[in-house]
Amino acid sequence: MSKKFLFVSRWGESLDIINTIKLEGNDVKMFIEDKASKEIGFGFVSKITQWEKHIDWADIIVFDYTGYGKVASELRAAGKLVIGGTEYTDKLELDRNFGQAELEKHKIKVIPSKEFTSFNDAINYIQSHPNTYVIKPCGETQELKQLLFVGSDDEGLDVIRVLKAYEKSWGNNFGNFQLQRKVKGVEVSVAAFFNGTEFIYPINITFEHKKLFPKELGVSTGEMGTSMFWTKDSPIFEATLLKFQSTLAKHNFIGHIDINCIVNGHGIYPLEFTSRFGYPQIFIQRAGITEPIGELFFKLATKKQFKINVKKGFQVGAFIVVPPFPYDDKKTFNLFSKDAVVVFKKNGKDGVHAMHLKKVNDEWLITGNTGIAVLVTGIGNTMKDAQKMMYNRISNVIINNGYYRTDIGDRWTEDSDKLWSWGLL
């Protein structure tokens with residue numbers, strides 16, 4: 001039966017999911033908080049300017065980002081069906097120190113880290129404790145993924161140079177940040193939906209590609225692409241997220257949660273939580289889910305016990321982006337990218353997911369200000385099959401000044417060998 005979905009979005013990231021739920025026959029309304037992102041979704045779905053006025057209209061309310069935990073919990077307490085975080089899960093993601101403390105509290109091994117508010121204090125700490133470190137901004141600053149820096153010098157000299165550069169460019173506006181010891185291994189995420197009481201199976205295993213260029217070169221971005229598969233069990237999940245089941249139930253969390261880890265022959269080391277939909281993770285997951293996403297959300301919000309119907313094999317996805325991505329430069333965006341048309345060589349948009357777009361006269365136009373145009377996905381029984389489908393679909397898309405990575409999924413051959421040898425698959 002048709003349902004009324006109210007989506008409250010921070011940046012407009014969930015357009016593809018909202019549009020899909022609309023195409024499934026549901027009534028949807030979309031609110032975007034960020035002023036620069038307001039045009040996203042026009043022509044695709046019904047847009048509103050004050051979401052609070054539509055609470056009574058909605059059968060189900062979906063918050064697509066962290067920061068809405070308090071109001072989401074209040075709406076649940078008032079009897080509304082809500083998918084979104086809680087104050088607890090918001091804090092897990094936004095407050096890195098709290099997240100690490102909760103991991104330790106749940107008897108999960110963590111990588112040594114220390115939080116700082118002063119660049120000089122951090123530099124003095126490295127000089128007193130020379131090692132390889134990673135700089136991780138906390139709070140809202142962590143959204144600027146290019147500020148994440150992974151050091152390689154054994155004495156931390158490269159991290160010291162970057163901290164001095166940040167001090168000159170950011171001054172006192174940088175906020176809190178963590179220095180975390182660097183651990184070598186395979187970076188892998190485990191993710192699952194939670195229905196307020198328990199995790200819903202299967203779970204999702206994800207491999208992110210965060211650097212701008214192939215072979216992990218260039219600046220860190222939010223993400224350039226991802227490969228994944230679904231599984232009924234995972235040693236990594238059992239050692240990490242599963243230990244939070246009773247705590248998440250206590251806080252009545254209903255939504256999606258992910259924990260990113262570095263794993264090696266010595267153990268599993270959680271890095272950070274994402275206690276919301278991952279982007280582009282949720283869209284690539286959708287490529288592997290064989291039931292209507294609106295039905296899945298409704299079952300989740302009503303605390304149903306169920307199993308997600310998914311395809312066997314692998315799913316991959318790659319962003320096609322335009323200037324100034326991954327940077328924030330309004331002049332460059334307006335000059336090179338604003339209102340650029342997404343053109344398809346052949347009919348059909350299979351596997352092409354609308355990101356920061358609007359629709360005018362049935363044409364897809366780039367809007368917003370970040371330069372994320374579309375996500376293109378592929379599926380297959382093997383990783384190579386999924387990659388082939390994805391890159392064939394990318395070749396059907398023309399975006400002036402568009403660029404994307406050509407190696408999404410290539411790491412799987414080596415990563416899977418390591419994970420098998422460590423007993424983690």
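Val343 is found in strand β16, where strands (E, at least two residues) and helices (H or I, at least four) are DSSP runs numbered from the N terminus. The model is a predicted one, in which local features need pLDDT of at least 70 and side-chain atom pairs count only at pLDDT 80 or more, while totals for chains, interfaces and linings use all residues. Residues are numbered from 1 along each chain as its sequence is written, and side-chain values use heavy atoms, with hydrogens and water left out.

With a relative accessible area of 37%, Val343 is partly exposed, because this class lies between buried (under 20%) and exposed (over 50%), as judged with a 1.4 Å probe and protein chains only. Together with Val341 and Ile398, Val343 forms a nonpolar patch on the surface, and the accessible area of the three is about 210 Å². Such patches are made of residues with over 30% relative accessible area and no salt bridge; nonpolar side chains (Val, Leu, Ile, Met, Phe, Trp, Tyr) are joined within 5 Å, and like charges within 9 Å. A salt bridge is a side-chain nitrogen of Lys or Arg within 4 Å of a carboxyl oxygen of Asp or Glu. Accessible areas come from the Shrake-Rupley method with a 1.4 Å probe, and for residues only the protein chains shown count as cover.

Strand β16 spans residues 341-344 and pairs with β21 in the antiparallel sense over two bridges; pairing requires that DSSP find at least two bridges between the strands. Across this pairing, Phe344 stands opposite Val397 in β21. Both strands belong to an open sheet of four, with the order β18-β19-β16-β21 and antiparallel pairing. Its edge strands, β18 (357-360) and β21 (397-398), each pair on one side only.

Seven of the nine residues of α1 are buried, namely Leu15, Asp16, Ile17, Ile18, Asn19, Thr20 and Ile21. Just after α1, Gly25 takes a positive phi of about 105°.

Asn26 lies in the loop between α1 (15-23) and β2 (27-32) and counts as buried at 12% relative accessibility. Its side chain reaches the backbone nitrogen of Lys3 at 2.9 Å and the backbone oxygen of Ile21 at 3.1 Å. Leaving aside residues up to four places away in sequence, Asn26 touches Met1, Ser2, Lys3, Phe5 and Ile21, where contact means heavy atoms within 4.5 Å.

How values were computed. Polar contact = N/O pair within 3.5 Å; in protein donor to acceptor, adjacent residues only side chain to side chain.
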